[in-house]
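Open the model in your viewer and keep the selection tool at hand. The tour goes from one selection to the next and says what is there.

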Amino acid sequence: MRRWHATIVALLISIAAVRAQSGIHDGRAREIFKELIEINTTDSVGNVTKAAEAVATRLKAAGVADADVQVLGPDPRKGNLVARLRGTGGRKPLLLLAHLDVVEAKREDWSFDPFTFLEKDGYFYGRGTSDDKAMASQLVANVIRLKEEGFAHDRDLILALTADEEGGNFNGVDWLVKNHRDLIDAEFAINEGGGGNMRKGKYLTNEVQASEKVFQDFKLDVTNKGGHSSLPEKDNAIYHLAEGLARLATFDFPVQFNEVTRAYFTRSAEVESDPKVAADMRAVAKATPDLAAAARLSAALPYWNSMMRTTCVATRLAGGHANNALPQLATANVNCRLLPGVSPSAVKDTLIQVLANPKIAVSFVGQAQPSKPSPLRPDVMTVVESLTKDMFPGVVVVPLMSTGATDGLYLRNGEIPTYGIDGTFGDIDDVRAHGRDERIGVKQYFEGLEFQYRLIKALAGR
């Protein structure tokens, strides 16, 4: 009896110690998160270097060697942090990537100061809470935790927190790959782009981003001799452009699938509540997609449409030079998101055919940077499946092709396979990244913290 009592007491003490230690780690993660949110890292007036240096100070204080922590970059205001937690070197490193820069946020557009960390009603508020300082703070906190625990790992852990992901130039991951490949060279990388989806509190899917669409702008120009508005002619630059854009508005690129998007619809069907929608998801994922099902899905949700085809949409428009003059120039910007493997030149040719007017000149704006999908590595997918099953029973793991863009583009082009894996869930009907009153659930933040901790240990442990 006494032995049984002693065992119970020891167990309770052990549980209390684990909870206390977990509380320490959670508290530190929250402190790091708060510190990063309250450092303005916008392109206009922010300072990413300040945020990178704040993280560097924390890593060095935790015992990471000074020589293994660097803040570097071509712009003094936009430094990138690269730190290395050394293992035995038995396998190539694992790269942990997040970005520190955020999109602009005006105080007058928000309900409160976007650069003051606020916890309210079960949410953390602030610019960058969901994109991407939650993940950055989680990675930093977990690297410190692993260092303190003396984690035995046979591959180096490389932490890269970068600038200019949100639209800057010639910096961030692109700059590191081209100028300091040795600092970030890895067998594969974990990045943003994935994450959990929930609706009305119910956890549905945990996405693994393995591919993304390709960004390409096109400029449309129509020129004309112009003249006096009192003497109008049918040959009008604005009319030509408008008629062409109206044709583009009704055009759809063909349905195309790859390994990732086919798996996305197959897995998503498992948690879809509407049986008709689930049937359509399975039908489009077949070797020969059901085009009628694809049409229904496209009409139901723009996101599903974008997953299945290249898209092009007019985003800017200008024309004319005076109220009493016939326009000499009408111009528009058309933004396209290309499926991986689709040629930008082929898309340009298609636009010319759809606009169906030789007076509309079509030209490239910048040069697209395609990237091939990362293979769905069994070791990575198995770990994600196992962790998701343990932490979020009933949630389905879904491979994902992002319709937007991430820094994974540069890593994949640098032959470093990259996977968007997060483990932090968000409401699919309340996405606030880049928007007003950006937020992330407190419960979900700490779940993501633990998920990333377990993920790193599973992928890097001996």
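Select P344, V347, L351, V354 and L355: these are the buried residues of helix α11. Buried means under 20% relative accessible area, while exposed means over 50% and partly exposed lies in between (1.4 Å probe, protein chains only). Look down the axis of α11: its buried residues fall within an arc of 90°, so they line one face of the helix. The arc is taken over the directions from the helix axis to the C-beta atoms.

This is a predicted model, in which local features need pLDDT of at least 70 and side-chain atom pairs count only at pLDDT 80 or more, while totals for chains, interfaces and linings use all residues. Residues are numbered from 1 along each chain as its sequence is written, and side-chain values use heavy atoms, with hydrogens and water left out.

Now show the whole of α11, residues 344-355. The helix has twelve residues and reaches 16 Å from its first C-alpha to its last, close to the 16 Å expected at 1.5 Å a residue. The expected span is 1.5 Å times one less than the number of residues. Helices (H or I, at least four residues) and strands (E, at least two) are DSSP runs, numbered from the N terminus.

Go to the ends of α11. At the N-terminal end, S343 is the cap, with a side-chain oxygen 3.2 Å from the backbone nitrogen of S345. Just after the helix, A356 has a positive phi of about 55°.

Next, select what covers the buried residues of α11, including α6 (237-249) and β12 (311-319). Stay on α6, where A237, H240, L241, G244, L245 and L248 are buried. These residues cover an arc of only 125° around the axis, which puts them on the same side of α6. Their cover includes β10, β12, β14 and α11. N236 caps the N-terminal end of α6, with a side-chain oxygen 2.9 Å from the backbone nitrogen of I238.

Last, select C312 and C336. What do C312 and C336 form? They form a disulfide, with their sulfur atoms 2.0 Å apart; the cut-off for a disulfide is a pair of cysteine sulfur atoms within 2.5 Å. The pair links distant parts of the chain, C312 in strand β12 and C336 in strand β14, 24 residues apart. The torsion about the S-S bond is about 115°, so the disulfide is right-handed. C312 is buried at a relative accessible area of 15%, and C336 is buried at 0%. A search of the whole structure finds one disulfide.

How values were computed: Contact means heavy atoms within 4.5 Å. A polar contact is a pair of N or O atoms within 3.5 Å; within protein, one must be able to donate a hydrogen and the other to accept it, and residues adjacent in sequence count only if both atoms are side-chain atoms.
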